[in-house]
Amino acid sequence: MLRSFLLLAAFFGFTGVALGAFAAHGLKGRLSQEYLAIFHTGVTYQLVHALALLGVAVLWAHLPGRLTAWAGGLFCLGIVLFSGSLYLLTLSGIGKLGIITPLAAWPSSAAGCAWAWRPGAWVDPRVRIETNGAAWPWVQPRIGARMRAPKNNGGRAHAHSTER
């Protein structure tokens, strides 16, 4: 799943940059300013959600689970539906496609909720994770990292600690 999320984030990031360049250079004389702004909104949301998908991949590396997978899938669906509806609206000129766009935003909202409510996604600030001297603890693999008891717990071991 990690590889899939990374590949999808790279794909959506690449196509977002390519579509932005296409709009800036290829569509500038062919579309009105209003339609160019709509296309730009689609590109912006695609790029932001590609970064969010990259965040889901990082979260998956540390906390894999069903909600993390759902968040990644919903971000992908949100990109395709929301940005895709804006691209179709501007390139086809069919104004009724604008009705679909607000409805197409729900997968991204649901992905954010799944990401935020992922059990264990937020680390207990009282727990210190030993990282073997790494500058960035989130880069360390989960295997081998040990959780130590908080210093101000009265000498008792923490429930998830390896020290008993």
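## H2 against H3

Helices H2 and H3 of this predicted model are roughly antiparallel to each other, because their packing angle is over 145 degrees. On that scale, angles under 35 degrees count as roughly parallel, 65 to 115 as roughly perpendicular and the rest as oblique. The angle between H2 and H3 is about 170°, and their axes lie 9 Å apart. By class, their contact has 21 nonpolar, eight polar and no charged residues. Nonpolar covers Ala, Val, Leu, Ile, Met, Phe, Trp, Tyr, Cys and Pro; charged covers Asp, Glu, Lys and Arg; the others, Gly among them, are polar.

Axes are lines fitted to C-alpha atoms, for helices over the stretch in contact. Angles run from 0 to 180 degrees between N-to-C directions. Helices are DSSP runs of H or I with at least four residues, strands are E runs of at least two, and numbering starts at the N terminus.

## H1 against H2

Helix H1 spans residues 2–25, and helix H2 spans residues 33–62. They pack at an angle of about 160°, with axes 8 Å apart. H1 and H2 are therefore roughly antiparallel to each other. The contact of H1 with H2 has 21 nonpolar, five polar and no charged residues.

H1 passes H2 in a left-handed crossing. Left-handed means that the near helix is turned anticlockwise from the far one by less than a right angle; clockwise is right-handed.

Gln46 lies in H2. Gln46 counts as buried because its relative accessibility is 3%. Buried means under 20% relative accessible area, exposed over 50%, and partly exposed in between (1.4 Å probe, protein chains only). Beyond neighbours within four places in sequence, Gln46 is in contact (heavy atoms within 4.5 Å) with Phe12, Thr15, Gly16, Leu19, Ile79, Ser83 and Tyr87. His49 is also found in helix H2. At 12% relative accessibility, His49 counts as buried. With neighbours within four places set aside, the contacts of His49 are Phe75, Ile79 and Ser108.

Thr68 lies in helix H3, residues 66–92. Thr68 is buried, with a relative accessible area of 2%. The C-alpha atoms of Thr68 and Ala114 are separated by 7.0 Å. These two residues are 46 residues apart along the chain.

## The whole chain

The chain has five helices and two strands. Along the sequence the pattern is α-α-α-α-α-β-β. Of the 164 residues, 35% are buried. Among contacts with a separation of 6 or more, 62% join residues 24 or more positions apart.

## Confidence and conventions

The mean pLDDT of the chain is 77, and 70% of the residues reach 70 or more. pLDDT is the predictor's confidence in each residue, from 0 to 100. Confidence is highest in H1, at 94, and lowest in strand S1 (residues 128–130), at a mean of 48. Over residues 121–131 the pLDDT is below 50, yet this stretch has 20 contacts in the model beyond near neighbours in sequence. Over residues 133–145 the pLDDT is also below 50, with 11 such contacts. Where pLDDT is low, the predicted coordinates should not be read in detail.

Residues are numbered from 1 along each chain as its sequence is written, and side-chain values use heavy atoms, with hydrogens and water left out. In this predicted model, local features need pLDDT of at least 70 and side-chain atom pairs count only at pLDDT 80 or more, while totals for chains, interfaces and linings use all residues.
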